Amino acid sequence: MSLKSVPNTLSLVVEAHRVSRTYSIGSHCHQALNQVSLEIRKGDFCDIAGPSGSGKTTLLNILGCLDRPTEGDVLIEGVSTKKFSVNELAKFRSENLGFIFQTFNLIPTLSALENVEYPLLLLSRTYRSRRELAEEALKIVGLENFKRNRPGQLSGGQRQRVAIARALVKKPLLILADEPTANLDRKNSIEILDLMSRLHEENGVTFLFSSHDPLVLKRATKISYLSDGRQEPIPSEERMKDVA
Amino acid sequence: MWLRIKIAFRNAFRNRRRSLLNIFMIASAVAAIVVFEGFTHNMISGLRETTVQTQTGHLQLALRSFWEKKSNKPKQNLIKSYQRVVTELLKDKRIQYAAGKLEFFGLLSKGDESMSVRIITLDPQKEVSRNKHFRFREGKALHKNRPFQVAVGNGLARKLGLKANSNVSILTHTYDGVVNAMDFEVSGIFQTDIAEFDDSTLLIPLKTAQELLDTTAVEQIVVGLKSSWDTTMVKDSVRAVLAGIDPDIQVKTWYQIATLYKQVSMFNRVQNTMVQFILMALVLLSIMNTVGMSILERTGEIGTIRALGEKRAAVVFQFLMEGLFLGLGGVLLGILGAICIAKGFNAMNIPIIFPGASAPIFIKIEVLYSAILKASLLGLGITILAAVIPAHRASKMNIVEALRYNI
């Protein structure tokens, strides 16, 4: 399944079991994923790699309960999500998953602190507890002095740090990051990935990336490679560079 | 909850120009409703007061045959026991006055000129308050000690060239069909603002009219109340009194009799409703467009909050709150605007002549609490309603599709 797999005896967090996803475009059907299986264990720093259009984001969306597979099943801590209703999935995401997006996706009308506070609002935390946890998360990502700034007043790197703090604040089971460095320059990409690595190593946060950035591939403890929606062995390093 | 409200508030004013335009639109609609209602209320209540005080009283009592207009012989419509009825009625503390009334037609002559006129009686001794409500442009009101004086409507006086103290004679038929005539002095020229009334009516003391018509009875008994609010309750009491004296006498409220008032007030009600409907339809379309645009622009944001775990209902709530904030802003501004417009118009004293009015009246706008409440509820209700459909659409968005749009 992966060349760079680290033996992990820790508990299973997410498990994709022979997952397929087909989209209908007019009369034509496009198979974005074909019989993909994947296991994410607690403490993994896993990357789904592959060229553009290979189905990385589709798999990430399915594992993040944002989309449903056409075939197969996704099990979260051993529980099938097949029969979850839309609201049950929303509740599950709010309690267990953190998201980091390529375009940061911060709410522009809220300050950095309020953006980080938002996921806690969905968990009905008290105002004081929300504030304390959000400030702590911003401190971890090194933005305690920018808490009053709105996204428009922050640089790209700072915005992604706020997004990391937002994903981190509720101490989720798993953080899903969809091409988190795609909109950042090299210096900021390294800083962001260093921060994530530190969170992984020091706090044991489980990360699942969808990225073909060599900087991510270098840090990943587990890689799943996709091509045309199918799982394939990870190509040689030279070929990986070409793909990236 | 507070953060949700804060988010909704900030989003509502994210595009300031568009939001201000919407608030201004809602405010204009609210102000228009309040001002229009205040204006028509003032006009209608003026007409009601004039009708009640100078013509109908609050209640009118007459024999069934009079109301049904079946009898060809007017004498059969006369209430002979009217003195007893009046005495009994006056025992009710809510009644200000009760007096007999006769209404008939005659020929009013001044020198060689004559005109057919409507003659209405007034008892200057009992109907003091009714007597006071006739505004006299010239001369004085009827007086209990001057039985051979008449008061003439402004339009009628103009047609015959009458002035206060002019001498006139009235020729009419008695109830037995005998021609009778009397000479009078004009006590004064009155104006009620109802052209139809002022152009053809003459007031005469009841006792003199009874002499002229050779009767001691009356056609009707006019009852004036201390408070108009008691009309329906007193009507029931009067009915009970009449049952013990003459069950054939029936009582009607001023509203049942005042045809002109009913027509004018119905016309205004229909007109107001149409105007309100059009205004609210415009507000509805405008807010729907704004919220729809806002949702389109914030597709990525909706996808993000849904991905974070926000439920569909919470997305609907957020957009409804945004609509509510726009509505609240518009309503408050509209009420303020209406108060300013009302004060401005009231201070300017702009004269206006209504159809059927004998004299101009000044535009007066009364800012009514009921109109404020109605306009506010309509304004808020419409803005929330306008947000419901787009908000529901937003909540149904496919998360993955929505996330493709950048924030």
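**Group meeting: a predicted model with chains A and B**

I'll start with the contact between the two chains, which takes 18 residues from chain B and 23 residues from chain A. On the side of chain B that touches chain A, the elements giving two or more residues are α1 (2-12), α12 (299-308) and α15 (399-403) of chain B. α12(B) gives the most to that side, with five residues. Sorted by class, the side of chain B that touches chain A has seven nonpolar, five polar and six charged residues.

The mean pLDDT of chain A is 88, and 93% of its residues reach 70 or more. The stretch to watch is residues 1-9 of chain A, where the pLDDT is below 50. In the model, that stretch has 18 contacts beyond near neighbours in sequence.

Next, the domains of chain B. The assignment divides chain B into domain 1, made of 2-50 + 261-403, and domain 2, which is 58-253. Taken over C-alpha atoms, the centres of domain 1 of chain B and domain 2 of chain B are separated by 49 Å.

Now the nonpolar cores. The largest one has 118 residues, and A:A165, B:V30 and B:V34 are those with the most contacts inside it. Which helix provides the largest share of this core? That is helix α2 (residues 16-56) of chain B, with 14 residues. Take B:V30 as an example: leaving aside residues up to four places away in sequence, B:V30 touches B:G330, B:V331, B:G334, B:I335, B:A375, B:S376 and B:G379. There is also a second, separate core of 52 residues, and B:L102, B:L202, B:A209 and B:V234 are included in it.

One leucine deserves a separate mention. B:L377 lies in helix α14 (residues 369-395) of chain B. Is B:L377 buried or exposed? B:L377 counts as exposed, because it has 11 C-beta neighbours inside 10 Å, and the cut-off for exposed is 12 or fewer. From C-alpha to C-alpha, B:L377 and B:L336 are 16 Å apart in space, and they are 41 residues apart in sequence.

On to the strands of chain B, where β8 (residues 179-191) has several partners to go through. Strand β5 (residues 135-139) of chain B pairs with β8 of chain B in the antiparallel sense, over four bridges. Within β8(B), the residue opposite B:E138 is B:I189. Strand β6 (residues 149-153) of chain B runs parallel to β8(B), and five bridges join the two. Here B:Q149 has B:E185 in β8(B) as its bridge partner. β7(B) and β8(B) form a hairpin with five residues between them. In the turn of that hairpin, B:G177 has a positive phi of about 90 degrees.

Chain A has an open sheet of four strands, in the order β2-β1-β4-β5, with antiparallel pairing. Its edge strands are β2 (28-41) and β5 (79-80) of chain A, and each pairs on one side only. Strand β1 (residues 12-25) of chain A runs antiparallel to β2(A), with ten bridges joining them. A:I25 stands opposite A:H28 in β2(A). In general, the side chains of a regular strand alternate between the two faces of the sheet.

Last, some backbone angles. Most residues other than glycine have a negative phi. A:E179 is not a glycine, and its phi is positive, near 45 degrees. A:E179 is found in the loop between β7 (174-178) and α6 (186-203) of chain A. With 20 C-beta neighbours inside 10 Å, A:E179 counts as buried, and that is because the cut-off for buried is 20 or more. B:D214, also not a glycine, has a positive phi of about 55 degrees. B:D214 lies in the loop between α8 (206-213) and β10 (220-225) of chain B.

How values were computed:
Residues numbered from 1 in each chain as written. Chains lettered and ligands numbered in written order. Predicted model: local features only at pLDDT ≥ 70, side-chain atom pairs only at ≥ 80, totals over all residues. Contact = placed C-beta atoms within 7 Å. Nonpolar A, V, L, I, M, F, W, Y, C, P; charged D, E, K, R; others polar. pLDDT = per-residue confidence, 0-100. Core = buried A, V, L, I, M, F, W, Y, C linked by C-beta atoms within 7 Å. Domains from an automatic or database assignment. Pairing = 2+ DSSP bridges.
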